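Visitor: I have a chain open and would like to walk through how it is put together. Could you take my questions as they come?

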Amino acid sequence: MLNHFSDEQILAIVEENGACKENLLYILLKLQDLSPQNYIDERTANLVAERVGLSRVQMYDILTFYAMLKTKPRGKYIIEVCNSSPCYASKADRVTAILEKELGIKVGETTPDGMFTVSYMPCNGYCEIGPVIRVQGRTHGNLTEEKIKEIIDGLRNA
Ligand code: FES
């Protein structure tokens, strides 16, 4: 599915955020965050490249260099499971298994309704409340099966 913004809206966002190569990563992350499917589609990438004076190849290199930039559609909600050692030791694999069971997908996949994507993330400094997940920029820790189900239900009903 294509990004829901018009060309004019995309360019307005680029302008609001600096419209230059120095701000490119910030601009792309902003557009990705605003995308209902959490990714940069080809039309958006081409518009931004043209506006800031990059070739399409240069833009492609940038999009594929930074792991936080995505070029494929993802869920409305990205649930990231920390899989660094301290969280792993506090049963992050159990959290992953609960999420996979609840959502019916594996890590790296998106639910058929386009609501959720589950992925791994590295340590984000909340080890003392591990295992942790991050959703919409918010970290949740001390996770139990019940708490994970509550988080998912909350997002489903948001
Ligand atoms: S290891 Fe998971 S938050 Fe630090």
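Visitor: What is the handedness of the crossing of α1 and α2?
Guide: The crossing of α1 and α2 is right-handed; a crossing has this hand if the near helix is turned clockwise from the far one by less than a right angle, and is left-handed if anticlockwise. This is a predicted model, in which local features need pLDDT of at least 70 and side-chain atom pairs count only at pLDDT 80 or more, while totals for chains, interfaces and linings use all residues. Residues are numbered from 1 along each chain as its sequence is written.

Visitor: Which residues make the contact?
Guide: I10, I13 and V14 of α1 meet I27, K30, L31 and L34 of α2. Contact requires C-beta atoms, placed from the backbone, to lie within 7 Å. The residues of this contact comprise six nonpolar, no polar and one charged. Here Ala, Val, Leu, Ile, Met, Phe, Trp, Tyr, Cys and Pro count as nonpolar, Asp, Glu, Lys and Arg as charged, and the others, Gly among them, as polar.

Visitor: At what angle do α1 and α2 pack?
Guide: Helix α1 (residues 7–16) and helix α2 (residues 24–34) pack at about 135°, and their axes are 9 Å apart. Axes are lines fitted to C-alpha atoms, for helices over the stretch in contact, with angles from 0 to 180 degrees between N-to-C directions. The pair α1 and α2 is therefore oblique, the class left when angles under 35 degrees are roughly parallel, over 145 roughly antiparallel and 65 to 115 roughly perpendicular.

Visitor: Changing topic, what is the strand order in the sheet?
Guide: The open sheet has four strands in the order β2-β1-β3-β4, with mixed pairing. Its edge strands, each pairing on one side only, are β2 (116–121) and β4 (138–140). Two strands pair if DSSP finds at least two bridges between them. Helices (H or I, at least four residues) and strands (E, at least two) are DSSP runs, numbered from the N terminus.

Visitor: How many bridges join β1 to β2?
Guide: Six bridges join β1 (residues 77–82) to β2, and these strands run parallel. Y77 stands opposite F116 in β2.

Visitor: Which strands does helix α6 lie across?
Guide: Helix α6 (residues 92–103) lies across β1, β2 and β3 (133–135), and runs at about 155° to β1.

Visitor: And how many helices does the protein chain have?
Guide: The protein chain has seven helices, along with four strands. From the N terminus, the elements follow the order α-α-α-α-β-α-α-β-β-β-α.

Key
Two residues are in contact if their C-beta atoms, placed from the backbone, lie within 7 Å.
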